[in-house]
Amino acid sequence: MPELPEVETIRRQLEPRLAGRTFTEVRVADPLLTAPLAPEAFEATMTGRTVTSLGRRGTDLLVWLDGGDALCLHLRMTGRLHWRPGPPPDGGERFLRALLTLDDGATVTFGDQRRFGRAWMIPAGTDHAAYWHGRVGPEPLDDDFTAARLGRLLHGRRVGIKAALLNQALLAGVGNMYADEALFRARIHPQTPAGELTAAEVKRLHAAVRDRLRFAIRSGGASIDSYRDGLGDRGQMQEFLQVHLHRGEPCPRCRTTIVKGVVAQRGTYWCPSCQVAP
Ligand SMILES: [Zn+2]
């Protein structure tokens, strides 16, 4: 499931290829993608529009269009965006949900085996701060996201720290994999009540979240499931996961056997020596 680094990788690859280009043909193959907007209405809105830039909010990708509208894309479980310099080859996209053609002949396909991904328009004039408020929390890689700010977000919360990290309304873009990796790096047990972290732990967690997200972006994201980057290639981050998916293997720090359990309804990996239960 794509998390912040995977979506950011796609954004960085697609922006130079899409910015300044115009959509000459837009075809929705699966009406569920744009529902409740009818495919024909979506196609009509998109055709002839020029891309100005690409943005991201949490795990939502934003394609800014001339006139100020934003096309918002969410990949959910298995969504893939794939830019190609020409039309996709026959059979090149098995689970095609949309095909967008650009004025230089390049195409972008939205493929999605499980069909949970979504596309919708955010109209020009929308107050984006208000639009995202309450649904997507602060961006962990923003300059103003300090350890003190993380501490304020967690203050008084009785849920476990892993559940808090997974809450997108609290903090943007961290999912199951990077929550495990950041908690291991910060040496914090995933069930520690979020509001009971010490100042030193909050500081370590803040650094660990940012470090792991940045490292994952540099590694092109993690292809542990269906994720491919915006050019159809696998990421490298799966090679650098330290605890996630490593049950039964020695902890890279202390050699204790890594365990797996269910925390916040998700398969969770940790080192029982480095990350002491509360
Ligand atoms: Zn350990």
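Four strands form an open sheet in the order 2-3-4-8, with antiparallel pairing; strands here are DSSP E runs of at least two residues, helices are H or I runs of at least four, both numbered from the N terminus, and two strands pair if DSSP finds at least two bridges between them. Strand 2 (51-57) and strand 8 (118-122) sit at the edges with a single partner strand each, so one side of each has no neighbour in the sheet. From one strand to the next, the twist averages 20°. Strand 2 runs antiparallel to strand 3 (residues 60-65), joined by six bridges; Leu 54 has Val 63 of strand 3 as its bridge partner.

This is a predicted model: local features need pLDDT of at least 70, side-chain atom pairs count only at pLDDT 80 or more, and totals for chains, interfaces and linings use all residues. Residues are numbered from 1 along each chain as its sequence is written.

Now the helices. Axes are lines fitted to C-alpha atoms (for helices, over the stretch in contact), and angles run from 0 to 180 degrees between N-to-C directions.

| Pair | Angle |
|---|---|
| Helix 1 (residues 4-18) and strand 2 | about 175° |
| Helix 6 (residues 176-186) and helix 7 (residues 199-218) | about 130° |

Helix 1 packs on the sheet, touching strand 2 and strand 3; contact means C-beta atoms, placed from the backbone, within 7 Å. The axes of helix 6 and helix 7 are 8 Å apart. Among the residues making that contact are Tyr 178 of helix 6 and Leu 205 of helix 7.

Definitions and conventions. Contact = placed C-beta atoms within 7 Å.
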